[in-house]
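Me: I'm new to this structure and would like a close look at one part of it. Could you walk me through how its helices pack, and then through some of the charged pairs?

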Amino acid sequence: MKTRFRTLILPLAAGLACADASRDDASGGGVEMAALDAVFADYSASDGPGCAFAVSRDGQQVMARAYGMANLEWDLPNTPETVFEPGSVSKQFTAAATILLALDGRIDLDDDIREYFPEMPDYGEPITVRMLIHHTSGLRDWGSVAGIHGWARTTRIHTHKHALDIASRQRALNYEPGRYYSYTNTGYNLQAMLVERVTGQTFDEFSQERIFRPLGMTKTQWRDDFTEIVEERSVGYRRGDDGEWHMLMPFENVHGNGGLLTTVGDLLRFTRNLDTGEVGGPEFIRLMHEQGMLDSGRQISYAGGLFVGEYKGVREVQHSGGTAAYRGFLTRFPDHGLAVSVMCNVGEANPGGLARAVADLYLGDDTGEEASEDPAGADVDPARVAALAGGYRDTRTGQFMELTADGASLRMGGGPGGMSLTAMSETEFASPAGVSIVFDTAADGGARPGATMDTPVADDVRLEPVEGFEPTASDLAAYVGAYHSDEAEVTYWVEVEDGGLVLRDRYGDGPSLVPVYPDAFRQGGSTFIFRRDESGRVTQASLSQGRVWDLRFERVQ
């Protein structure tokens, strides 16, 4: 009761809901408090949710501060001791547990996962535990498949039994194991289940014994029972269509992929161990930072639940996350002894941007010049760039991608999630995020050329230009019918309505399909492709989206 009472009496000043637990109240560890508060100005109202952050230097916490409200119904503010969920930031904890089990000699990271999960299909090539860690297994994301079925996460109480059942029903992978990278929660749920099957402990029991307690993470646990009472837990909120705050909580028991309940201070205790090896030792540190390797020999940026890369020329190890309306980001700059953790209980927050804005204040002149953030562009005729704009098909997945011209730059995708690529030459375009597209030839007023795309986690992705598609009434009639997927346990009905196609579920609900290239239609971030037999009749369809590639549907009527 003492902890709860302390939370209730935290001061509110001038309409600002803010709690401070810094080691250096005057300077914030060498940074002006006002500058830090300015970073979180959008999340510091006393009538809305907010964020907490903490900063450490050489393993010592120098700042922890919180903004906004933890619970709007009870008018409780966030504090540095508030418990949040950091979403996929949790993955590094799961990788740590798996690696500790390997260092114990109880598993081998190169074991075939079917040694532990005989219910998983034999795909002809082994999927190793190491591939689960690095997202190179080819396994489809079970939550995405559940969404295709009609029960996206946050809409139903999912458990590990559901996750394993969905994974074991997939007759195909996104790709051959080890060939590519595709981010998949399935691999991390399987790791949590693997630890339980090998040790006979719950994943939380193992984590408490081997990670949380040894590192002094006294307010950290796995959300393996969402009904459990957790002291000082914040509630997640997002804006509804009515403009008001509404709760959005992770009412599910899957964990390992996410599901960590923790504080900003406890996150710093864990990330410090990735420098010191207090738990696990030097080999643990090495394996946690070991980046995945594709069959092509390409090293990717993903390591043990961590992205390894650079920020403004400074080496950075980080991961972001989001579950329901919770958001999190944990970053460490090993060469500067700096770590920053941010967690928010507001779905609109960008914790990565917030954490890096804090890091900028502490790194100061140690970062590279601003100009180094963006590739130096070439002087390219905008008309040449415009000639490359249009639709393209990712030949791995069939997904449609649109490039639009913006002066001498190309933009990949629309909306706030779009990415700008600067012209490096008439055939090469690159972004600060490490994505590059190289066209086979320069645009010369003729047909658009194909291209090769490289990203921090994939190389030699072929992009094929596609022409727009305006289906006739006869074309649309050929697609009408029912399509069933055993893997997603769902039947869709394709119908013609108002001169276009709609995709109906069992309840009669569903979206319109927008034609993008012959036999292919787009809905949101998904591409729905109709497939024909040798006679030209439509007999199948496939659905591709970010974490599920080429999920097949058989035409049943």
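Reply: Let's begin with helix H5, where Trp142, Gly143, Ser144, Val145, Ala146, Ile148 and His149 are buried. Buried means under 20% relative accessible area, exposed means over 50%, and partly exposed lies in between, using a 1.4 Å probe and protein chains only. Helices (H or I, at least four residues) and strands (E, at least two) are DSSP runs, numbered from the N terminus.

A word on what you are looking at: this is a predicted model, in which local features need pLDDT of at least 70 and side-chain atom pairs count only at pLDDT 80 or more, while totals for chains, interfaces and linings use all residues. Residues are numbered from 1 along each chain as its sequence is written, and side-chain values use heavy atoms, with hydrogens and water left out.

Back to H5, which spans residues 142–149: seven of its eight residues are buried, so the helix is largely enclosed by the rest of the structure. Its buried residues are covered by parts that include helix H6 (160–168), H7, strand S24 (490–497), strand S29 (538–545) and strand S30 (548–555). Contact here means heavy atoms within 4.5 Å.

H7 also leads us to H3. The axes of these two helices come within 10 Å and cross at roughly 40°, which means that H3 is oblique to H7. Axes are lines fitted to C-alpha atoms, for helices over the stretch in contact, and angles run from 0 to 180 degrees between N-to-C directions. Under 35 degrees counts as roughly parallel, over 145 as roughly antiparallel, 65 to 115 as roughly perpendicular, and the rest as oblique. The H3–H7 crossing is left-handed, that is, the near helix is turned anticlockwise from the far one by less than a right angle (clockwise would be right-handed).

On the H3 side, Lys91, Thr94, Ala95, Ala97, Thr98 and Leu101 take part; they meet Asn185, Tyr188, Gln191, Ala192, Leu194, Val195, Val198 and Thr199 of H7. Sorted by class, this contact has eight nonpolar, five polar and one charged residues. Ala, Val, Leu, Ile, Met, Phe, Trp, Tyr, Cys and Pro count as nonpolar, Asp, Glu, Lys and Arg as charged, and the others, Gly among them, as polar.

H3 has another neighbour in helix H8 (residues 203–212): their axes are 10 Å apart and the packing angle is about 80°, so H3 is roughly perpendicular to H8. Here Phe93, Thr94, Ala96, Ala97, Leu100 and Leu101 of H3 meet Phe203, Phe206, Arg210, Ile211 and Phe212 of H8. The classes in this contact are nine nonpolar, one polar and one charged residues.

Now for the charged pairs. Side chains of opposite charge can pair when their charged atoms come close. A salt bridge is a side-chain nitrogen of Lys or Arg within 4 Å of a carboxyl oxygen of Asp or Glu, and by this rule the count comes to 31. One of them joins arginine 197 to glutamate 119, with the closest N and O atoms 2.8 Å apart. Arginine 197 sits in H7 (residues 185–199) and glutamate 119 in the loop between H3 (91–103) and helix H4 (129–134), so the pair ties together parts that are 78 residues apart in sequence. Arginine 197 is partly exposed at 42% relative accessibility, and glutamate 119 is partly exposed at 35%.

Elsewhere, arginine 504 forms a salt bridge with glutamate 495, their closest N and O atoms being 3.6 Å apart. Arginine 504 is buried, with a relative accessible area of 16%, whereas glutamate 495 is partly exposed at 35%. Salt bridges with shared partners also join Asp110, Arg130, Glu283, Arg286 and Glu290 into one network.
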